[in-house]
Amino acid sequence: MDYKKLAELLYPNAKDVSFWEEKYPQRNLSSGAEVVRIAPSPTGYLHIGNFFGAMVDYEIAKTTGGVFYFRLEDTDKKREVDGADFVALNVLKEFGISPDEGLMPNGTEKGNYGPYRQSERLEIYKSYAKKLVLEGKAFPCFCQKAADVGEVFQRREKELQTEASISEKDPCRNLTFEEIEAKLKENKKFALRLKSNGKEGDKVVAFDLCRGEMELPANCKDIVLVKDNGIPPYAFAHVIDDHLMKTTTVVRGSDWLSTWPQHLEIYEALGLKVINYIHTPLISKLGENGNKRKISKRYDPEADMRFYVEMGIPKVAVCEYVLNLANSNFELWRAANPELDFREFKFSPNKIGLSSPLFDMNKLLDISKNYISKLSATEVYSNVLSWAKEFDKDFAKLLEERKDFAISVFNIDREGKNPRKDLEMFSQAKKVFSYMFLDFLGQMKIEDYEIDSKDFAKAKRVVSEYKNVLDEKDDKETWFSKIKTLAQKLGFATDNKEFKKNPENFEGNVANFCEFIRVAITGRKNSPDLFTIISILGQEKTVKRLEKLENLL
RNA sequence: GGUCCCGUGGUCAAGUGGUUAAGACACCGCCCUUUCACGGCGGUAUCAUGGGUUCGAAUCCCGUCGGGAUCACCA
């Protein structure tokens, strides 16, 4: 076979690879600086696994003084979602992570290694494809069966039944020049396949920055390098792009581990030095059957990063949670440095765990509520407002109309040394403070109050008596002593030790007494300091609320 | 099924031959607070399993089991 003739036949106009090698020179970076990238496909959302990788990328670039760039892997037209080009980028931006180079959210490209969309790099891939044909390392394949996804799945099903894996040497690798020429004359489309050197049982040694040296089965499949539409699949495209863009380390999920040998053989065929790889653990969830599985957009809302935006979980909390998943010593660092920005944390790629963590909403919300508890009332206000502007317009309007009132509500029990931790996410503000924002009197029915029916009579007495002694002008001390006096009058214990000794002698203790008042005013057993609530509401509204419950009972 | 990866409490995990096996979340209890919280203190609970090697193993080796990932002209 005359490979030169074949290469010219297949790719008559392709540039020589030297053109690209010269066009994209080495980067001028200080030693040790890493070049990393996030390279998602335009599927319309950003998966938490991608985000995990982006955090790692971001940290690596930051700690080494390197470059973090964004490349769009839009080589699969079938899966592509219209207008999704910038979704991942914008979501990333929402979380405060902006790449230094590549595609930018405003649609422009920044950097000298573009284009940063794979669909615009076809000419480049063609050059490398031609090089491989020229060297006899790749061949055209005219089989249509592999292009049919349905058939592929069927074939795979069959393969799963067999005892061992099938090493796939493609029949087209033996086509003669004349046969190829004839098929091309018939206008038949071809895919380019790698002429694999692998034999069943061969091993390759690869080095993963986190996992160390790994022995993997060598690739022996004649994998597709360029699809019959002229677009290369991930395997071929990423090797070339990462080479040309001077990537030093690829960070990707460990679901890529088993196809890694294919990529390694592509490097070898292309005569390129293999760059560093890190295969990160896969964030998982417990499935219906109680088993772990990779978190997925289809079943798990948490897989999509927009979920956190929609829930109003502070982006810092999400970043810190994910960062902690990647480097679990982060949490110790955080405890020792409560005031520092998480960006100051020194990230260590080699401390990334190897086993797949289960996604833990509890933990995330714990980080979140601690974070929110440290914000000022004004900060909470602006966060809640910007959340509401996007997801609850009516509430946003209310917040804007009653700004000062809202801030005073958010400020309850916030300014002390140990603020309350009621809010886990900004979306909860409306519900948590519903008794301050909503038309409380109009809305409440007896079943909305957190009160046992067996306590109705007792509650009625407390509420109806209390409304007579309430005075908004009282200071906190007076306010409380009135409560005590009234409680005692109605048979409640004012000495808690006494009460604990002989509970049957009392209607309850002061806590129980207060609970009825609290429920009347807020509907709930759990609410911030009553005194403050009453002073914000004022005499008139408070009394109306007490009367409302009294009448319902 | 083949292959690879992983296996310390319910969850995230520290740990690299000698530790009472850290810490965090969750759960439970107590204390503080004569309201709600916040906070403080404490508790339950873990080295998947069987063999080695060793004076000594969560840690090293082998087997077993369990879980995961992957096996496309998808990424």
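**Exercise 1. Find how many bridges join β2 to strand β3 (residues 101-103), and trace how the chain reaches β3.**

Step one: 2 bridges join β2 to strand β3 (residues 101-103), and these strands run parallel, where strands (E, at least two residues) and helices (H or I, at least four residues) are DSSP runs numbered from the N terminus, and where two strands pair if DSSP finds at least two bridges between them. The model is predicted, so that local features need pLDDT of at least 70 and side-chain atom pairs count only at pLDDT 80 or more, while totals for chains, interfaces and linings use all residues. Residues are numbered from 1 along each chain as its sequence is written, chains are lettered from A and ligands numbered from 1 in the order in which they are written, and side-chain values use heavy atoms, with hydrogens and water left out.

Step two: the bridge partner of Tyr69 in β3 is Glu101. From β2 the chain passes through helix α4 (residues 87-94) to β3 in a right-handed β-α-β crossover, meaning that, with the strands pointing away from the viewer, the path from the first strand over the helix to the second runs clockwise.

**Exercise 2. Give the strand order of the open sheet of 3 strands, and explain why β5 (138-141) and β9 (224-226) each have one side without a neighbour.**

Step one: the order is β5-β6-β9, with antiparallel pairing.

Step two: β5 and β9 stand at the edges and each has a single partner strand, so one side of each is left without a neighbour in the sheet.

Step three: strand β6 (residues 191-194) is joined to β9 by 2 bridges, and these strands run antiparallel; Arg193 has Val224 in β9 as its bridge partner.
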